[in-house]
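Shall we look at a model together?

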Amino acid sequence: MRGFRVGDEVLGFTHRRAGHAQYVLVDDVHLVSRPAGLPWEVAGALYVAGTTAYAGVFAVDPGPEDTVVVSGAAGGVGSLAVQLARLRGATVIGLASEPHHAWLEKHGVLPVTCGPGTAERIREASGGRVDAFIDTIGEGYVALAVELGVRPARINTIRDGKAATEIGAPTYGEGAAASAVVLGEPARLAARCRPEVPIARTHPPEAVQEAFRALERRHTHGKIVLRP
Ligand SMILES: NC(=O)c1ccc[n+]([C@@H]2O[C@H](COP(=O)([O-])OP(=O)(O)OC[C@H]3O[C@@H](n4cnc5c(N)ncnc54)[C@H](OP(=O)(O)O)[C@@H]3O)[C@@H](O)[C@H]2O)c1
């Protein structure tokens with residue numbers, strides 16, 4: 001093993017779908033040291049939600065002049081994407097149901113309710129100009145971004161590859177961000193609570209079914225984490 005010693009605290013990933021495993025063999029190039037102060041449940045949430053959010057923000061490259069819309073803004077990926085886009089100075093509009101609006105506002109995000117009439121509400125909140133769109137939901141959000149006048153190069157989706165292919169939009173997500181270098185960046189930022197990684201709930205591994213039932217309801221704010 002290069003670079004690490006027995007007993008080092010690390011976070012990382014493997015492509016062997018071992019998220020529930022008690023012991024796992026991980027390639028050392030897929031590990032980073034746990035930054036001081038990074039809680040374990042947050043460390044466990046960063047791959048893949050943190051890296052996917054990072055990739056989505058990187059794909060649309062928001063800056064201080066830009067208005068960016070994020071669908072699923074309170075979810076595991078979206079809650080981090082909105083904050084990473086804010087850290088780049090962009091104006092961020094977060095699509096979410098009303099119970100999540102207070103959290104979004106607290107993080108400097110303009111909340112917009114999703115559902116019928118979303119396009120009009122976004123136009124109102126943005127003053128009519130949307131520069132980039134990060135979609136974490138699919139279900140027509142790529143078409144909505146096009147309708148809002150966003151150029152395909154600045155629409156990233158992690159859920160609707162078909163719509164992305166049709167218009168030539170990027171689909172940066174888990175695959176693009178599967179790197180310890182990428183993982184290290186949200187880990188470093190999250191250790192300082194910027195972004196804050198909302199942990200909806202933690203479950204012991206024995207309660208994994210309960211965790212999946214909650215996830216399937218698809219209204220989680222942040223991440224559900226298994227913690228021994
Ligand atoms: N391609 C990749 O690389 C990649 C990587 C990671 C994840 N993913 C996928 O990306 C999706 C998002 O992941 P996640 O971890 O962020 O999921 P999540 O935490 O389960 O997302 C939950 C959020 O989705 C919102 N939502 C659910 N249905 C919606 C709808 N019909 N319209 C608008 N918002 C809706 C909910 O908002 P409200 O409660 O406000 O309704 C909730 O806050 C998942 O399907 C996941 O499998 C893809």
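Predicted model: local features only at pLDDT ≥ 70, side-chain atom pairs only at ≥ 80, totals over all residues.

Residues are numbered from 1 along each chain as its sequence is written, and side-chain values use heavy atoms, with hydrogens and water left out.

Q: How many helices and strands does the chain have?
A: Helices (H or I, at least four residues) and strands (E, at least two) are taken as DSSP runs, numbered from the N terminus. Counted that way, the chain has eight helices and nine strands.

Q: What share of the 228 residues is buried?
A: Buried means under 20% relative accessible area, with exposed over 50% and partly exposed in between (1.4 Å probe, protein chains only). By that cut-off, the buried share of the chain is 47%.

Q: Is S79 buried or exposed?
A: S79 sits in helix α2, which covers residues 78-87. Its relative accessibility is 1%, so S79 counts as buried.

Q: Which residues does S79 touch, leaving out those up to four places away in sequence?
A: A contact here means heavy atoms within 4.5 Å. With those sequence neighbours left out, S79 touches G72, A73, A74, W103, P198 and G222.

Q: Which backbone oxygen does the side chain of S79 reach?
A: The distance is 3.4 Å, and the backbone oxygen that the S79 side chain reaches belongs to G76.

Terms used
Polar contact = N/O pair within 3.5 Å; in protein donor to acceptor, adjacent residues only side chain to side chain.
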